[in-house]
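Hi everyone, thanks for coming. Let me put the structure up on the screen, and then I'll walk you through a few parts of it.

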Amino acid sequence: MAERSFKKEVQQLRIPAGEEFRGEGILAITKALLQSGVGYVGGYQGSPISHLMDVLADANEILEELGVHFETSASEATAAAMLAASVMYPIRGAVTWKSTVGTNVASDALANLASGGVTGGALVIIGEDYGEGSSIMQERSHAFAMKSQMWLLDPRPNLESIVQSVEDGFELSEASNTPVMLQVRIRSCHVHGRFITKENKRPAFTLAEAMAHPVRDTGRIVLPPASFGHEHEKIEHRWPAAVRFIRERKLNEFFDGDITDVGLILQGGLYNGVIRSLQLLGLADAFGNSRIPMYVMNVTYPVIDDEVVQFCEGKRAVLLLEEGQPDYIEQNLHAILRKAVVATHLSGKDVLPMAGEYTTAAMRNGIEAFLKAQAPMLLVTHPAVDADEMARKGKAATVPLNFHPRIKDLANVVPARPAGFCVGCPERPIFAAMKLVEQDLGAHHVSCDIGCHLFSILPPFNLGATTMGYGLGAASSSAFNVKSGKRAISVMGDGGFWHNGLTSGIANAVFNKHDGVIIIVDNFYSSATGGQDIPSSRADNPRRATQNPIEHAIRGAGVKWLRVIDRTYDVARMRDTLEEALTTPEGGPKVIIAQSECMLNKQRRVKPQIAKAVKAGTRVVKERFGVDPDVCTGDHACIRLSGCPSLSVKDSGDPLKDDPVAHVDSNCVGCGNCGEVAEAAVLCPSFYRADIIHNPTGLDRFMARIRQTVIRFLQTRRATRLARHAL
Amino acid sequence: MNPITLNTDTPIKIAILAMGGQGGGVLADWIVEMAEAAGWWAQTTSVPGVAQRTGATIYYLELLPEAAAHAAGRAPVLAMMPTPGDVDLVVAAELMEAGRAMQRGLVTPQRTTLITSTHRSYAVGEKAALGNGIADPNKVIDAGRDAAKRLMCFDLQAMAEDAGSVISASLFGAIAGAGALPFGREAFEHTIRHGGKGVEASLRAFALGFDAAANAPASPAAMSTARTLPALPERAASPEAQALVDRVRRDFPPAAHDMLGVGLARLIDYQDVDYAAQYLDTCAALHILDRQHGGETADWALTRAAAQRVAVAMSYDDVIRVADLKTRGSRFARVREEVGALDGQLVYTTEYMHPRLEEICGTLPTALGRWLDASKTVGGFLKRRVEKGRRVQTGTLRWFLALYLVAGLRRFRRQLLRHQIETAQQDAWLDRAKRLAASGDYALAVEVLHCRRIVKGYSGTHDRGDKRFASLMQAADQLAGQADGANTLARLREAAMADEAGRALDAQLGELIRLRPTTADVPQTPKTRMTADA
């Protein structure tokens, strides 16, 4: 069960042709797939397309009605390989993942797919995780398109263009027998907009038909001599076919302006930002009317030479806006212009940043610099520029205020706030235990993995040295397999484990007799990407086979030393097990599976159940934690071992205590970590757990009456004595 | 070609800064729904990703009347992200997020209305400090006054909680009340109703936010961060206690009265009236020195420091004190309130105790305690048997009575080992302060008293504090007679609380020792050392 439900939203996928759809980018992409008559869809979740997978899962009923097969692939490699169904059969297939990381994983299958070519349209929808909000290394998927010669679409970021791109993508793929990548940026995935719908289409040719009448053609298989032929085929047939299609169907767009001697060339995805930048310079309006002509590359690979030449001819200078590096397109344009002997000056990363996100401000500055050099008359006449000039001379402050000393000073006040473990996260006690082990046995090398557990590298835990990719936690410790006083520790999540960690990490460690410790964090879901089910999920998922224990897989891979901790909150046990793993004389990998359900998912699951039970009058015990402010001395050691968002500080209310005391706020879900840590680390007796009994039984009430009678008597007695001399 | 005429309509630009899980997305969706219902073109974007887990995130909206789009004959092209200097309304769901908005340049004096909740959700760095790491909220408010065209700040989190709702609702109300968007109150409220979830509570929170913003002052006042001391009471409950109060009034300067009153109250509560009297004796001895060495011109810093630090030192946190605090009726009531228990619901608390042999010895008569502490066989045996985590259910008779009895040991406290240890330590500490004060090192003496601040916590935490305190006291002796001694000691005290491992303190102490013998002839270069481990 995923974190966010789209059950309501997916009903929009049914709206009839000709009506207006309003909603989020990912939903529009799903609708576009259905309008294109897609036959099968697969993918692997990960921001920014996690929700696309969730939408597809929630739309399963609609997909089935249309005869569309949807699979939650085990990895991006699986998803890419799934496109093999379009090699021999005229079936449209689409897969999706987070890029570039997912494309890295998928690239073996993609390269094979692109070599042999496709019959049915094959579309790879990549969520380009670049710039603000990204969680991965900053690279471009562009390189993958170039190396395997797949076409890359980068549509303008409005729903109409994105939807059109999906449909165009399939056709382009079929017209050129080449898989097509459709790139959507982070914000485009989540943009709320509108477009006019078309009819959903059933696939023209079904998977069942294909299976009933199998076809094979060795000419499409990547095996010599066919593989040598593929390369020539790409250049001699597929590329020209793609160029023809892109030109004829006008996938790239030309926008006129009244200024004819300069122009802008841009990736489609940057269009809205470029328009805003021009608007800020007084050269465009909010409706896309621009005084400077533009050539918008909705297809960023291949570059259409003739279109570039046509746009540049007669212009003194053009500016290319290309986000990210290396500057593949800029290099390409230089080559095109030189070969065509076009003298137009080409600017690009000389006035724009080579690296980093092209924010509106960055593009505005770049365009301004370009115009200053090439067409200064366009700028000086505009009031916005006058105002800017004035600001520079100190007369008016129309520019942003972040240079103001008071605001500069905020840097000392405003804390960084990276994402971290949620309230009650079951992974927190694992790292608290690791901190305690560190106190006993010293620091160890810790290899991390991708997943929520990677938050261990942040304060307060500060644990972990490297992260080499999803599921590669154990693999990235493999060199540390030599005699040493200390063993290396690797961490891997259940998501990464099933993605590839079982083989790349566990089987590899067994085979190479790796003398290290591997912790597998089993929280029942692929939590970091939004709580999707995975093979070892405990939930009953009618469409998927869940409940396949990690333990079985690990034993099957040959691990001998295995401990399963079925409650990570038991910090003392966690610590002891970890110490045992680090010190046991036994060779080979020491694997600890630490299991507790992701609290975010658990709360979503049990909260309604509990509320229902309380309402029905059933006896329910809710747990919450608290701190006695008069017992707490304000050292905050507990916070340094926990970092739970609901464990905070507040003024002690005691004039004698300068430091704020620990405080558990009302978001506490009663996981028990703070108490367990205080106990295991022998910190202090300030924590308490409060069991709140809703709808107590007769026996509960009877016992409470007896207890309260005695306790209140004694409390009153002592309170009276205290009050006798009180100030 | 003909010149292009540019349309002058521009969208309203709104940025919402929130932390993951605060409902920033709900707020953005509400605004979109309201705008679309009112015939506007609305676009929202966000960068959820992993920021959904407690991290800072930003939602961005642009709104444009559909009529303008019709007039222009084409759909608007709206930006996907805020541009510094080009935002009309910034909404921050937490005070520091307002600071972040300003750092990003999203707030401009010519046009931006900045609405922020003043509540704080402390960052890990602020919470994890060994002392007080909380950032100054007024820095943000001061900057906001400069940066925004209109700044509005209220505790919208508290309003939401009062209404039984969440902050998105009170923020939505504040946006309406501020008149920052061209939609009437009904349009806002209709949107909430249309959502259909927790409508009544949301509307209550909305109304609170609305009223606060509608009646907001032109410029918000500073937030009060001062800690208030209760005034020394006129009357005490008993003649014995009254005598102490009178003695404070008679023998001490008014500047120290309130703190002494707090100290007396603590020590009567902790032990008894005699113990409180003993506290006054100690303070009086220091006050005499204070008077002799210019305390009057120093606002009686030595006396005030003694009033606070001696009270804390004398009410050391022992097993008896913890048992006492845990079993009080007022504590039972406080827990019920804190967890929000309703009538008819039962509440039981479980305490997480981890007694160590030291604590057991400390709670025995001095001789017996020392013997046990030294005994390898019996002590070792006990250590193995006793030292483990115990879950103490204070609401059950067995455990309540056990704790109650331990709390009752307070009448024997003066005879127990822990008291001897504490007293000896206090004596050494106070003697040092007195010696320094008497020899004219007034400021250093005051600092020595304040150094006691780092002795706190239990078990290992307390031991760590003890060790660092001892280092500071040694340093104080070295610093005696030096011109800048007090400031140096204050810096060392800060260093002692800079990190858990004590690296900052070690670095500075090392520096002090290295410099000491040759201070006169070696050029001083230690300027940046104190921040090396920060």
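One term before we start: a crossing is called left-handed if the near helix is turned anticlockwise from the far one by less than a right angle, and right-handed if clockwise. This is a predicted model, so local features need pLDDT of at least 70, side-chain atom pairs count only at pLDDT 80 or more, and totals for chains, interfaces and linings use all residues. Residues are numbered from 1 along each chain as its sequence is written, with chains lettered from A and ligands numbered from 1 in the order in which they are written.

Okay, the helix pair in chain B. The crossing of α21(B) and α23(B) is left-handed; helices here are DSSP runs of H or I, at least four residues, and strands are runs of E, at least two, numbered from the N terminus. On the α21(B) side, the contact (C-beta atoms, placed from the backbone, within 7 Å) includes B:Leu444 and B:Val446, and α23(B) brings in B:Leu489 and B:Arg493, among others. Sorted by class, that's six nonpolar, two polar and two charged residues. Nonpolar means Ala, Val, Leu, Ile, Met, Phe, Trp, Tyr, Cys and Pro, charged means Asp, Glu, Lys and Arg, and the others, Gly among them, are polar.

Now, which strands make up the open sheet of four? The order runs β21(A)-β24(A)-β7(B)-β8(B), with antiparallel pairing, where pairing takes at least two DSSP bridges. β21(A) and β24(A) share eight bridges, and A:Glu623 sits opposite A:Asp691.

Finally, chain A has 26 helices and 24 strands, in a box of roughly 100 × 75 × 60 Å for its C-alpha atoms, along the principal axes.

How values were computed:
Contact = placed C-beta atoms within 7 Å.
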